[in-house]
2 protein chains.
Amino acid sequence: MDGNHSPLSHHNKGHSPPAQPERDGSFNYDIESTDGGGAWLGSAADALLRYDEDGAGGPREPLLRKRTMNTTSQIAIVGANVCPVESLDYEIVENDLFKQDWRSRKKQQIFQYIVMKWTLVLLIGLFTAVVGFFNNLAVENIAGFKLLLTSDLMFKQRYFTAFLAYGGCNLVLAAAAAAICAYIAPAAAGSGIPEVKAYLNGVDAYSILAPSTLFVKIFGSILGVSAGFVLGKEGPMVHTGACIANLLGQGGSRKYHLTWNWLRYFKNDRDRRDLITCGSAAGVAAAFRAPVGGVLFALEEAASWWRSALLWRTFFTTAVVAVVLRGLIQFCRSGKCGLFGQGGLIMFDLSSTIPTYSTQDIVAIVVLGVIGGVFGGLFNFLLDRILRAYSFINEYESSLYICLHKLKFNFNLQHHIVFRFWSAGEVLHTRSFSPITVSIITSACSYGLPCTPCPVDAMEQCPTIGRSNFQCPPGHYNGLASLFFNTNDDAIRNLFSYGTENEFRMSTLFIFFIAVYCLGLVTYGIAVPSGLFIPVILAGASYGRIVGTLLGPLSDLDPGLFALLGAASFLGGTMRMTVSVCVILLELTNDLPMLPLVMLVLLISKTIADSFNKGVYDQIVVMKGLPFLEAHAEPYMRNLVAGDVVSGPLISFSGVERVGNIVQALKITGHNGFPVVDEPPLSEAPELVGLVLRSHLLVLLSGKTFMKEKVKTSGSFVLHRFGAFDFAKAGSGKGLKIEDLDFTDEEMDMYVDLHPVTNTSPYTVVESMSLAKAAILFRALGLRHLLVVPKTPGRPPIVGILTRHDFMPEHIHGLFPNIHKSH
Amino acid sequence: MDGNHSPLSHHNKGHSPPAQPERDGSFNYDIESTDGGGAWLGSAADALLRYDEDGAGGPREPLLRKRTMNTTSQIAIVGANVCPVESLDYEIVENDLFKQDWRSRKKQQIFQYIVMKWTLVLLIGLFTAVVGFFNNLAVENIAGFKLLLTSDLMFKQRYFTAFLAYGGCNLVLAAAAAAICAYIAPAAAGSGIPEVKAYLNGVDAYSILAPSTLFVKIFGSILGVSAGFVLGKEGPMVHTGACIANLLGQGGSRKYHLTWNWLRYFKNDRDRRDLITCGSAAGVAAAFRAPVGGVLFALEEAASWWRSALLWRTFFTTAVVAVVLRGLIQFCRSGKCGLFGQGGLIMFDLSSTIPTYSTQDIVAIVVLGVIGGVFGGLFNFLLDRILRAYSFINEYESSLYICLHKLKFNFNLQHHIVFRFWSAGEVLHTRSFSPITVSIITSACSYGLPCTPCPVDAMEQCPTIGRSNFQCPPGHYNGLASLFFNTNDDAIRNLFSYGTENEFRMSTLFIFFIAVYCLGLVTYGIAVPSGLFIPVILAGASYGRIVGTLLGPLSDLDPGLFALLGAASFLGGTMRMTVSVCVILLELTNDLPMLPLVMLVLLISKTIADSFNKGVYDQIVVMKGLPFLEAHAEPYMRNLVAGDVVSGPLISFSGVERVGNIVQALKITGHNGFPVVDEPPLSEAPELVGLVLRSHLLVLLSGKTFMKEKVKTSGSFVLHRFGAFDFAKAGSGKGLKIEDLDFTDEEMDMYVDLHPVTNTSPYTVVESMSLAKAAILFRALGLRHLLVVPKTPGRPPIVGILTRHDFMPEHIHGLFPNIHKSH
């Protein structure tokens, strides 16, 4: 074995290779760089000395000329919270335990698995539908009460009291939403779709789908929508569905003794991924009452991996949602649900009949699509800026807060008047200020509405749509109130309505469009659960009606149809979904014949907007720092080979390893996979046995099946001691930790046979494989670790491990600053 | 290098390994087994001596105890034709030429590519829509003429003449359809969906998407449908769309000087796959006027690989189809299209309003779904039996034919009366007989319809739906004629119609159901283009009406709705598609509110039928011997490792190889990929350079850039001589062949540098990788060759190559007959 042989010196590359490290060839004590944060440590003793207490394990000294540290951060923003992220592992760990378990699995157990999976999917549909219905019920009742109260006061001519009541209600609701979000689960802020998307791409953070997130998502969304914000409950519903699916897929809870034998089959990332995909589909289905749209949404936007069986399963979930919702709404028809009327779940039954459309109409629609695409792209651009501004303000506020705290204690100013005042305000977290500001602005916008005289033409009646007589003397009407002083769902219904050419004046629509566009942008950044669908549809519909009114002389189409197409153009321009948005709109409006028109608008606006920037969710994923793996490889990756980005030397274990070495390696690194290499005398030549996972090592160590001698066993001892389910993946945030285990010095000097728990079939690439192709392999198979093996014989059997972070553009550009990003 | 080292001796397997071959370690003259037909040959001279002339290259003697020959056949049935199949290669060949080309590609060329791709997709939509419209126009006119003629004759009481005219028309049309199918393109027989599915899975045969197939598919389908067969034009439309896409994606034709620089970008399997996926979606969209359904069909049934960009592209194609069809139908409204009425493209505008459905209705629907699933599964079972019977009859007839021919010439019986008679019949190929038989049966069924007296109840009018007064005296009506004596589209419309409870009697529906179910089964096997959608919908709709009539007292739902749900249950039971069938039915009937019911029925019937057998298209793919790769690995593959199925020693080339060796290897094998291994003095130790493709070798050899010495060059000579597009993949059935090249003896002794054309990043697996995981890798990335590398250092750098056929169950069971199939 040629230990001093540099692993990278043999392959011929097109570019100049980075300087090579000099290594001593000892495998056992080097620290590998799985899941980032790699460290270079010469020996075990050295390692412990240099151990960085914050757990990042970064190098203290730049010992290598090549930067071996993975520069991508291991943290990301989930909701409004910064937390560490992990990768998920969709690979099947084919170790002896798996094989034994799999061989012993009987028909009955396979039947159990299938029955359980369908039952879980059924439950996901059921619970999501019930939550979706409850959301609507609560919103309709709270917002309805608020609007009724205000109307009553106005009817009594007490306008100022009415405004105070209205604004006060909004403020209290907004503060409540912001408070539960800030104190219970900051991860529940925002739409949640980017987080779910990242989870389904393989990025895990405990808080993404935690029970507290679910709680805040449901109630925060209800409070936020009731508070009259320009935000939707659709995005949060997707997150809610995913949370429900995650809870059901946890395989019970040991803590509360809620484990059931049948549930253990779902303790792996693959099955959880399937369930959460179903959950996100169910969320859309429940939010829009669009079962097919839900399936397509999961396929087009949410999921990163898809297979035919999943199509069927999501379809089943959304069918359940549709049936349950229908039943619940039928129940409410009898009037037992308070103020919950037909407006509950948005469902705009237009059933227009467009007999024909002429070339002029098509031209008008193309123009609509082009401008809609521009506005959509602009929306994404502005949203990005605004979110960055919010994040800057938050940081500033936080540092101010810390600064003031320091001041207070350093100078003993606790009783100074400024600090007393400030301490009172402390109850409201800094992040709660922006919601309150936005709430006041929104209330002011929707209340300070001017009245307009009715048309003098005696032929025409005074418009009566919505609450048009709001606050107005006889002979006047208030067009804006029918849009503003209303729930968002009703406003959309009014905009989409047919045969209402004269209800809305140009100025009304224009003011509403500007206000909604801006409020939508500002509202998304505040730390409450907030969806983007409704603001975009609202802005798009008013934009569409404006275009429809302007082009009225040219086109025969109804302004209501233009509003629908405008909404489609905005959705296409911001979210960049095509088929799913199209089907959702169809299912919302029950208007199949206009399908080709909606398709056309969506394609045009998406194409236009794509030339400016990325879709809004992709943009937010990037901004939040979630390490999302794209399905395609970046072009510059073709200039690199796998060996180029493998960072630093790695820790590997011998097939039969000393317990102390394993414990130490687990303590000093946060890595999740370690290669196992058999060396003489265990084998004739050093050979790669496979990959062992941290979680499996921890379970193995906790069983203390140790040996005095370094000899290879048949593994039967381990196989008897453990079942495969002992090694099943615990839920996010659970599972054994190395700190939980204690070993005596005697035990530390004993040996443990790793063969039974080693995955003997890890995926590998040769070090000279182009990075682009390695990335495609990594992504297509949903891996967490990809082993890099040497090209030439006679070298140590493993060069390094590639993980998700090694494929991130930031990491690659950190290693090779001169590589062309745009090639 | 340890040449005598068996590649399989080092990994520990759970089962006993097969006996190992003894090899001499010489790499250059062994024959590898890529794309099957591997042969074991000791040396080059030996190889030529033993070369099997039929091209199969099978071993004459069992030199190995392990069967090294790939036992899967390299031929499959396409349509009604047996032809050789090849694999497609979706891997990016990253050789020097590719890298050079890719680096030199400017923005302008990328723009060209994008513009061309969208243009092609637009053209696919356009042409498919036009062809779909033309199909309908022709069918409506031909069938309309036939029915009018018959009706006129009947009106004149000339019943026998009418029958002769009707039967004669049908017979002539059927014979014409069978004749063009048999003589021009036997590959056009049947639905075509299994073939398209196989193509999109990576199985290529020239005739699948050839221009002649397209021609016969269009005209054969028109003739077949006009002939009154119980078959649809929907399946053939999918195949037609795929053929159109393939023709457009060929990158022009060198033969007819129709090459265009912009088209060369599409000369690869990846882009062709995308276009053909769009084509199949366009086919469904044109057949059913269901744009969203088309996209979902392509996703759920046709495509094996999918990515988000494709969703958008197929969506665009189907939108184009929808718009074009709408325009053409509008044009026909003015009466310029002969007998083409509103019935043209099936579009059953039901717009029913189901306000509520009760629990009883749900129970009724569940029962409907369960029985529908059973009937659907039975249909698949019977279809399989019938197709096997047809194939047996064909073989028998063919052998009889050959036998008689031999007899005729051997005994000089040309003038014997029997043979004269027979020779006249010879004009009609044996395969044309079954269409004629089926045509006569169908004519008899649809003409010999009994009349029924009108209901005596004066309150009820005599039913008048369809052609109910067919052939009947006053006071009588003919319920069967409204279904049988009609085009299939009109029959479906009649069955789906609402408020027609009393139009169809139970006996009528029952007879029709039995007749259609049987005729549908019998008709699919005959060698004409025939779709399965229409027979299944017809049978399902009549079944649904029967159930609806029976359960009438229990349920409030309309029998028309039951007919629709019955059709859904049959579609779910036979085709096992869920989302796409659901959306297609919605788009056909324009009836969104019944979505949950259709979903429920589909899920139930699919679940029930799945417990019996596979979907009809999967079944046909297997029966035709098309080597389809499933997305999941079979369980028994987990008991095997990649090294187990690698068949025999392989041919590899040195980085700089003697021309003679290459020519010889290409001549004696049909393999498509050869590993390139650099050995001293070209490198320090033997190392794997990559994989070189047969087609690339042929182009390289045709350029005759040979050298006198075996030295490594910079490759610039080759890079100057060729552009990347010279190596682009030619269309199916085209491209250079080794027989086209001639070399002098002097040239044969020269050397050629393979490095510039060698793909340096082939995907590899270690020989100890479980076969299941290798299969998943192979399938997920769409590979044609997967290199197997040794596990231990110090051995030759490549063990073998896995290809599609090595993963086929037949091959694995040939190698390991004792492995449990059902584990």
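Hi everyone, let's start at one residue: leaving aside neighbours up to four places away in sequence, A:Val598 is in contact with A:Leu565, A:Ala568, A:Cys582 and A:Leu585, where contact means C-beta atoms, placed from the backbone, within 7 Å. A quick word on the source: this is a predicted model, so local features need pLDDT of at least 70 and side-chain atom pairs count only at pLDDT 80 or more, while totals for chains, interfaces and linings use all residues. Residues are numbered from 1 along each chain as its sequence is written, and chains are lettered from A and ligands numbered from 1 in the order in which they are written.

Back to the valine. A:Val598 and B:Val598 have the most contacts inside the largest nonpolar core, which has 336 residues. Such a core is a set of buried Ala, Val, Leu, Ile, Met, Phe, Trp, Tyr and Cys residues joined through C-beta atoms within 7 Å; buried means 20 or more other C-beta atoms within 10 Å of a residue's own, exposed 12 or fewer, and partly exposed in between, with C-beta atoms placed from the backbone. A second, separate core of 120 residues includes A:Phe674, B:Met637, B:Ile662 and B:Phe722.

Now, the interface. Chain A and chain B each bring 57 residues to the contact. Which element of chain A gives the most to the side that touches chain B? That is helix 10, with 10 residues; helices (H or I, at least four residues) and strands (E, at least two) are DSSP runs, numbered from the N terminus. By type, the chain A side divides into 33 nonpolar, 13 polar and 11 charged residues. Here Ala, Val, Leu, Ile, Met, Phe, Trp, Tyr, Cys and Pro count as nonpolar, Asp, Glu, Lys and Arg as charged, and the others, Gly among them, as polar.

Over to helix 24 of chain B, residues 694–703. With 7 of its 10 residues buried, this helix is largely enclosed by the rest of the structure. Those buried residues pack against helix 23 (659–668), strand 10 (687–693) and strand 11 (751–753) of chain B. Just after the helix, B:Lys704 takes a positive phi of about 55°.

Strand 7 runs parallel to strand 9 (residues 673–678), joined by 2 bridges, and B:Ser654 has B:Val677 as its bridge partner.

Technical notes:
Two residues are in contact if their C-beta atoms, placed from the backbone, lie within 7 Å. Two strands pair if DSSP finds at least two bridges between them.
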